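Colleague: Could you walk me through this one? I'm new to it.
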Amino acid sequence: MSIVELIRRAKANNDFGVLSAGIPYMKTLNIEVHEADGILTVELRADRIHTGNPWLPALHGGVIGGLLETAAIVQLAHDQDTDNLPKPINVTVDYLRSGRIATTWARAQVTKQGRRVANVQASCWQEDPDKPIASLFGHFLLG
């Protein structure tokens, strides 16, 4: 199934969880999408393969960045009218504290959407959404 068909299916059924099984990157990182009351939450079920610093142990920064970028892209796909995935133009990730090898959640918010470009903020946390471990600010090209 193509990505366009996958997004159409997600929108038709109002179930963006289907992206988790259909996008190989999300499947490999063990990232799932949940929706409750119209709010998308992206979940990373961390495992040893996600380790960046084995002495702490802590999540790899690339895994955290990938989770945040995925949350931003999924939120944009959810919000926009087209069936294409947005493409990152630039992304800045601020690492605020070490992430343990534990389940990590992320949410994104579209702060401004034009005809061709959207600005998105995202943050991820482990136990308390008010104590994020990292945040993302990005610009995305809309499909």
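Colleague: What covers the buried residues of α1?
Modeller: Among what covers the buried residues of α1 is α2 (18–22), where helices (H or I, at least four residues) and strands (E, at least two) are DSSP runs, numbered from the N terminus. This is a predicted model, in which local features need pLDDT of at least 70 and side-chain atom pairs count only at pLDDT 80 or more, while totals for chains, interfaces and linings use all residues. Residues are numbered from 1 along each chain as its sequence is written, and side-chain values use heavy atoms, with hydrogens and water left out.
Colleague: Which residues of helix α1 are buried?
Modeller: In helix α1 (residues 3–13), Leu6, Ile7 and Ala10 are buried, meaning under 20% relative accessible area, with exposed over 50% and partly exposed in between (1.4 Å probe, protein chains only). They lie on the same side of α1 because they cover an arc of only 95 degrees around the axis, the arc being that of the directions from the helix axis to the C-beta atoms.
Colleague: And what does the face turned away from the buried side carry?
Modeller: That face of α1 carries the exposed residues Ala12 and Asn13, and α1 is followed by Asn14, whose phi is positive, near 50 degrees.
Colleague: Switching to the sheet, what is the order of its strands?
Modeller: The sheet is open, its 6 strands are ordered β1-β2-β6-β7-β8-β5, and the pairing is antiparallel; two strands pair if DSSP finds at least two bridges between them.
Colleague: Which strands stand at the edges?
Modeller: β1 (31–36) and β5 (87–95) do, each with a single partner strand, so one side of each is left without a neighbour in the sheet.
Colleague: How many bridges join β5 to β8?
Modeller: There are 8 bridges between β5 and the antiparallel strand β8 (residues 134–141), and Thr92 has Phe137 in β8 as its bridge partner.

Note on methods:
Contact = heavy atoms within 4.5 Å.
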